[in-house]
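Work through these exercises with the coordinates open. Each task is followed by a solution in steps.

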Amino acid sequence: ACIPNASYDYMTTSASDHIRSLTLLPGSASHLRFCKTAHSHVDQPCLLEDGSSVTNCLLEGAVQLAAASVIQHCHLQGPLVIGPGCLLSGLNMGSSAALRGHALRDIVLQGHHVRLRDLPCRVFTLTGRLDDWQSPVEKATYLNVPWAEFFQRTGVREGDLWDAETPRRSRCLLSARLFPVLHAREALGLEDVLWLLGLATVASEQLTRWRTAWRMSWQELLPCLDMEAELGARQALFFLQGQRKVRRVLLGRQDSSLLPLARSAVHEGYHEAMLDTLDEVASMASDAGIAARALACIAEVLGCMAQGEGGLRSGPAANREWASAFGRLESGDLAGGVQELAAERQKWMSRPALLVRAARHYEGAEQILVRQAVMSSCQFVSVEQVELPPLGQWVQVVCPARLDLSGGWSDTPPITYEHGGAVVDVAVLVDGCRPIGARVRRIVQPELRLVTLSGSPQSEVVAELVCRELEHLQDYCQPHAPGALLKAAFICTQVVQFPSQRPLRVQLMESFGGGFEVHTWSKLPHGSGLGTSSILAGAVMASLYRAAGKAANTESLIHGVLHLEQRLTTGGGWQDQVGGLVPGIKIGRSKAQLPLRVEVEQILVPDGFTQTLNNHLLLVYTGKTRLARNLLQDVVRNWYARLPSIVQNADALVSNAEECAQALRQGDLLLLGKCLDCYWQQKKCMAPGCEPLAVGRMMDALRPYVYGQCLAGAGGGGFLYILTKAPRQKEALHQILANTQGLGNFSIHSIEVDTGGFSVELVGCDTK
């Protein structure tokens, strides 16, 4: 590999050169940024001076490190002060007490793994930064002072270090038997070399203990170094401080990615320790949001263990062996649920297919906790009692669609409460009308009639369902079950108590004197990207509340829909209901905190700019049905992994939303178009593959005629909205697209900003 702009650094036996190479970059590499702390957990990084270096260490408490000093492969506990010119390596937690009280300066202190035949042991070596290994004793130093001075202050004699027959020229630091290896009666430790510093009065028992120990020179130690044990210890320390990083990142809600560490742990065989740490964090978490991320990390570890085999990560998580653990989480027993998950996990570790299925179930458990986190928004739902409409009186709510002009995905849990979100939405009429609606009336029969219409209140019935027992509502949390959204609406509005010992007919008769009939409709195709399902949920809740003699304001409905979609398990964000329930142009925001609260600000545009937008905005139906089945799951998985590109994109989504709001306040079409184009690139980064080939061709054909364009919603199909350079371009652009090959069926629709918002109306009375 050729490294550009590199320089050679020839390594010598000089400690000074070695420390310098670890703390200062050579001049030719000045374009590189020096990393003071690498692969380390440091409790108090402010105590590390600039010009120091820490690699693969766990430094707990107050460990002060001066400039031009290095610590590598050490686990130390403060308080400690390490002065300048030091190199510490291979010291474990037990060494910390021995280091206290010593003024460490210009020394090299190392712990080594040594194997003497079959006997493994630890040996500590101590030398000075300025010492020369091979100079004869008369000219050399030890611990940076002449040997004669060292002998005088410690009581060590030359005969202690070299045999009488050793020639004078061969008496050097390299051959000096300085370092205790074994003792007949006592365990040896770091203090058995630190006393050589002679910084205080040397006790005679220290000298005697040193003399009676079996000692070796560095020359003798070198062939006995156990490299396998040394690398193993460094690796164990790496993952020990990696476990601290896991705790720090998750409990501190940091945006660091743990995915590289998870992959490394699996590759190096430390996955069990990693899983245990994640279990611990999940069970001790202060809120469901932290616990959910910990469970998502466990899913990643299991996925890594499968090594790309065993099938797709996205899939069902309904094996009944996991049901008990899921039940504990649902009931709020977080620690018990995490413990049961871990016990069940042990049965699924033997092969890739089982590991992938276990990962899916951990993602299922994570979704339970995300739901609980989002449902904290329930406290912002307030309902007041109003007059109960007469039997048979229809309560009708019709709503506009919404266009998301910027910021979408930042409203999606967990991103919205972990990062914070901002979305610019506009409520729009499509072809002159509000396309989404619901109406509810009370009926005599104590039952729930759920009716889906094809496109308007007067259109034909597409599906009809009658619920007479509470059991008929139990599939409300299965999004594809018939009438699931409407069943969830009855439960979330508390019109019906579920689960309950009281039968459905008893509840309905006692509270309302009969049942309810609900009709819903939408003129928009399935997967339009215009927020249909969430807006429809808002319409149903608004009409249902009113028909039941209650009223909820818009803020309550926004948070009520969030709650409903979590109960429904579709896991949506908040931008759709903000877009369809709040009139005109607005920006919704949520802070990076729980409970999740959405705040909406109307964007005031210059006089006449709303009409300008109406003249320049068009909606193009691409003819492609959006297939977003696993889109949300992939985005959430990437967010929990904190992939740097996703974190940066989340930042960019929010900042682009604020810039888009500013463009609207200024009435600047050109800047607004740039924001739309930027937003489309951000959507593609968040959910790769959301631009079908035909849609790409369509956008290429339209590009010369528009300021900006974007697929509505998550992308992948549905509607494309465009901001044209010239006003009223519907017919002209239709002709351009008609002449473009490979587009299939498409249609162009006019849209207008709906400044009136949704309405709750009492329409007609039928007591049949």
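**Exercise 1.** How close do the axes of helix 16 and helix 18 come, and at what angle do they cross?

*Solution.* The model is a predicted one.
- Step 1. Locate the two elements: helix 16 covers residues 484-492, and helix 18 covers residues 532-547.
- Step 2. Their axes come within 10 Å and cross at roughly 45°.
- Step 3. Classify the angle. Under 35 degrees would count as roughly parallel, and 65 to 115 as roughly perpendicular. Helix 16 and helix 18 are therefore oblique to each other.
- Step 4. Assign the hand: this crossing of helix 16 and helix 18 is right-handed.
- Step 5. List the contact. Helix 16 brings L485, L486, A489, F490 and C492, and these meet S533, A537, V540, M541, L544 and Y545 of helix 18.
- Step 6. Sort the residues of that contact: 10 are nonpolar, one is polar and none is charged.

**Exercise 2.** Is helix 12 roughly parallel or roughly antiparallel to helix 13?

*Solution.* 
- Step 1. Helix 13 spans residues 334-345. Its axis and that of helix 12 come within 7 Å and cross at roughly 165°.
- Step 2. Angles over 145 degrees count as roughly antiparallel, so helix 12 is roughly antiparallel to helix 13.
- Step 3. The crossing of helix 12 with helix 13 is left-handed.
- Step 4. On the helix 12 side, the contact uses S324, A325, F326, R328 and L329; on the helix 13 side, L334, G336, G337, V338, E340 and L341.
- Step 5. The contact of helix 12 with helix 13 splits into six nonpolar, three polar and two charged residues.

**Exercise 3.** Is helix 12 parallel or antiparallel to helix 14, roughly?

*Solution.* 
- Step 1. Helix 12 runs over residues 323-330 and helix 14 over residues 352-374. The axes come within 10 Å, with a crossing angle of roughly 15°.
- Step 2. The cut-off for roughly parallel is under 35 degrees. Helix 12 and helix 14 are therefore roughly parallel.
- Step 3. Helix 12 and helix 14 cross in a right-handed sense.
- Step 4. F326, L329 and E330 of helix 12 make the contact with H361, G364, A365, I368, L369, R371 and Q372 of helix 14.
- Step 5. The count for the contact of helix 12 with helix 14 is five nonpolar, three polar and two charged.

**Exercise 4.** Which prolines follow a cis peptide bond, and where do they sit?

*Solution.* 
- Step 1. G78 and P79 are joined by a cis peptide bond, with omega about 5°. P79 lies in the loop between strand 7 (75-77) and strand 8 (80-82).
- Step 2. L594 and P595 are also joined by a cis peptide bond, and omega there is about 0°. P595 lies in the loop between strand 25 (585-590) and strand 26 (598-602).

**Exercise 5.** Where does D106 lie, and what is its phi?

*Solution.* 
- Step 1. Read the torsion. Phi of D106 is positive, about 55°, although D106 is not a glycine.

**Exercise 6.** Why is the ring pair of W147 and F151 tilted?

*Solution.* 
- Step 1. The structure holds 16 aromatic pairs.
- Step 2. For W147 and F151, the ring centres are 5.6 Å apart and the planes are at 35°, so the pair is tilted.
- Step 3. Both W147 and F151 belong to helix 3 (residues 147-154), four residues apart, about one turn of the helix.

Technical notes. Residues are numbered from 1 along each chain as its sequence is written. This is a predicted model: local features need pLDDT of at least 70, side-chain atom pairs count only at pLDDT 80 or more; totals for chains, interfaces and linings use all residues. Side-chain values use heavy atoms; hydrogens and water are left out. Axes are lines fitted to C-alpha atoms, for helices over the stretch in contact, and angles run from 0 to 180 degrees between N-to-C directions. A crossing is left-handed if the near helix is turned anticlockwise from the far one by less than a right angle, and right-handed if clockwise. Contact means heavy atoms within 4.5 Å. Ala, Val, Leu, Ile, Met, Phe, Trp, Tyr, Cys and Pro count as nonpolar, Asp, Glu, Lys and Arg as charged, and the others, Gly among them, as polar. Rings of Phe, Tyr and Trp (its six-membered ring) pair if their centres lie within 6.5 Å; planes under 30 degrees apart count as stacked, over 60 as edge-to-face and the rest as tilted.
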